Amino acid sequence: MSPTGEYRPDTWIFATCLLWGATVTGCRAESGRSAMAQVPDATGAMARAAAGGEAGAGAASTGMRRLWTGRDFNFYASSPSPDGRYVTEIDWTTGDLAVRDLATGEIHRLTDKGSWEESDELAEISIFSPDGRQVAYVWYNQEIRDYELRVLDFAVGADGIPRGSDPRVVFSSAELHPYWLFGWSEEGEVLATVYRPDETNALALISVEDGSVEIVKSFDWREPRAVLSPDGRFAAYDFPADESAARDIHLIMLDDGGEMDLVDGPSNDRVLAWLADDGGVLFHSDRSGTPSVWRVPLSDGRPGAPVLVREDVRRPRPLGVAGDALYFGVLVEWPRRYSVDVDLEGGRMLGALTPEDDPYDRAVGDWGWSHDGRYAIHTVTGSERAGLWLVLRSEDGGFRRDFGFDLRKMGSLRWAPDGEAVYVAAVDAQARAGLQRIDLQSGDFETMRRLGRAPLGMGGDFDIGPDGNEVFLRVRSPDAPERGPGMYRGWIVAQDVESGEDREVVAVDWRGPQAVSPDGSMLAYVDYDHFRVAPRLLVVPVDGGSPRELFSMDAGDIGTPHWTPDGRTLLFRVGLPSDSQVLPGGHRLWTVGVDGGEPRRLEAFDDLNPIGVRLHPGGDRISFRTGTRLGELWALDGISEATSAASDRAEHDR
């Protein structure tokens with residue numbers, strides 16, 4: 001989502017999700033960490049965190065370098081400079097385009113849009129020119145409320161500080177919306193994915209000189225990932241071979257549109273980068289049984305046999321090539337989900353945290369207990385091949401059922417009051433946002449509401465009335481102004497489940513969560529005075545009336561409110577303000593009485609920084625995520641030497 005709440009293509013389609021590997025001691029929680037994290041090596045052979053295994057062909061010549069470790073990363077949006085000194089970034093303190101100096105780790109802004117209070121514009125995907133003197137990037141323009149392609153000059157000053165020139169708009173269109181940038185040819189053309197209003201997409205070449213566009217290949221709702229040859233003659237892309245998640249790689253001749261299979265078969269193959277000097281295409285594959293980096297050599301567009309470059313490289317997020325090195329990011333640490341018994345009135349935890357890990361290499365997401373408290377259901381993100389899942393389990397762990405879905409993203413979930421279904425905010429295989437109802441007997445799901453570009457908070461929160469007849473969610477007013485104090489952007493509406501008709505409950509200025517009281521008479525919700533400033537927790541009668549404020553802050557954010565079973569108290573998370581949206585100042589749990597009384601902080605949870613909080617229907621247990629999100633940037637060196645040696649050995653064996 002952009003900060004405006006507009007729906008845009010999911011930026012985490014290729015996001016990584018690694019193995020669980022942490023423990024709980026008493027009431028202290030640790031983050032999940034990869035059990036197969038890359039380890040730098042001086043000899044070139046990969047040091048493996050898991051025991052056993054020999055390096056494959058080519059591994060003796062390659063080396064792994066850890067370039068950077070930190071929390072404020074945007075691997076989906078980054079690319080390396082040709083000399084490998086910098087990677088492009090998004091500075092989430094403002095939304096500006098930036099570069100990270102890999103020698104110092106510092107972030108330097110290349111644009112200067114002002115604060116979030118001044119502007120909700122932001123940078124997204126970016127890429128260096130082949131000579132490193134320019135950066136092309138996708139920019140969200142609040143005036144047109146859409147994305148456009150921009151270019152600026154890049155230079156490092158005499159003081160050693162990187163700077164960007166005033167940008168110029170290269171391409172902006174109401175019919176084609178640029179997003180993913182895959183390569184920049186020596187001829188000055190950028191290979192990009194463009195989206196169409198009919199929810200299809202295409203690969204296109206966009207001239208950075210005059211903005212002219214040439215459609216290379218059209219696709220349905222499914223997205224390719226592509227790479228461009230340095231001379232601009234060829235493009236390679238991966239795409240699902242069928243309805244499964246496994247992908248094959250194809251080669252396009254850009255002069256005449258001719259096409260051939262480059263890498264196919266039962267394996268899952270994804271492009272990583274195109275090497276310089278016609279060095280061929282790097283790709284990631286499980287064809288050997290272990291996720292590894294491979295290379296397809298090319299001679300004037302004619303492919304050779306794939307060559308293993310580096311064995312056992314798990315879930316790399318490719319940034320591009322600098323010199324003879326592949327730059328990539330990995331997620332190595334992330335918050336885990338726990339449950340614990342609580343005494344909310346006394347503000348105490350009762351006992352130790354219980355980890356709610358999924359044993360199948362999948363990250364646990366949103367969590368919800370059934371209304372009778374007998375079952376829990378949660379979302380999980382798949383491993384190398386898996387998609388998105390719901391996992392149903394009994395409270396005593398004696399019953400478990402998995403539901404797999406052809407969905408690209410799942411957000412918040414809520415149980416239907418009758419316990420026979422759950423509702424999930426999701427993006428389906430056709431890249432359409434919607435509210436899905438999933439039958440827990442058959443596993444079938446149906447779309448209750450198409451959300452498209454309309455919602456203020458797609459992927460955020462909604463709630464269901466206790467009788468199951470209405471769903472409460474936020475929608476944008478068609479004539480909502482772009483900004484302005486006191487100018488509402490939309491409504492919380494109650495949608496009738498049977499008729500699909502909306503009933504307006506209360507006007508709101510910004511996206512946020514809401515929750516219906518146990519008796520269905522009141523709605524608690526979070527709103528902001530203006531554009532994510534001064535969050536407030538309010539309650540309003542569901543049948544209409546004036547809202548009443550219970551809690552407010554000057555800055556920060558407020559999470560989903562949860563009603564206690566008696567309907568007298570709300571439990572909620574507070575996100576403390578900081579200098580960065582990616583690096584929050586901390587998270588605290590609070591309670592407040594609905595009928596009056598001072599809000600109270602639950603100090604016992606201060607050290608845990610809880611997020612994604614959910615309250616058990618009995619009011620005596622909570623579930624939440626806690627821990628650190630940590631990423632690493634890596635370089636895989638010596639690719640040409642390794643693949644040449646492997647090719648020589650293969651020729652000798654023949």
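This is a short tour of a predicted model, stop by stop. Residues are numbered from 1 along each chain as its sequence is written, and side-chain values use heavy atoms, with hydrogens and water left out. Local features need pLDDT of at least 70 and side-chain atom pairs count only at pLDDT 80 or more, while totals for chains, interfaces and linings use all residues.

**Stop one: the core.** Select Tyr76, Ile125, Tyr179, Leu181, Leu191 and Leu203, the residues with the most contacts inside the largest nonpolar core, which has 42 residues. Such a core is a set of buried Ala, Val, Leu, Ile, Met, Phe, Trp, Tyr and Cys residues joined through side-chain atoms within 4.5 Å; buried means under 20% relative accessible area, exposed over 50%, partly exposed in between (1.4 Å probe, protein chains only). Now pick a second, separate core of 19 residues, including Trp510 and Val594.

**Stop two: a four-stranded sheet.** Strands are DSSP runs (E, at least two residues), numbered from the N terminus, and two of them pair if DSSP finds at least two bridges between them. Select S15-S16-S17-S18, an open sheet in that order with antiparallel pairing. Strands S15 (225–228) and S18 (259–263) each have a single partner strand, so one side of each has no neighbour in the sheet. S15 meets S16 (residues 234–240) over four bridges; look for valine 227, whose bridge partner in S16 is alanine 236.

Arginine 315, not a glycine, has a positive phi of about 50°. Find it in the loop between strands S24 (307–310) and S25 (317–322). Is arginine 315 buried or exposed? Arginine 315 is buried, at 10% relative accessible area. Finish at asparagine 609, also with a positive phi of about 50°, but partly exposed at 30%.
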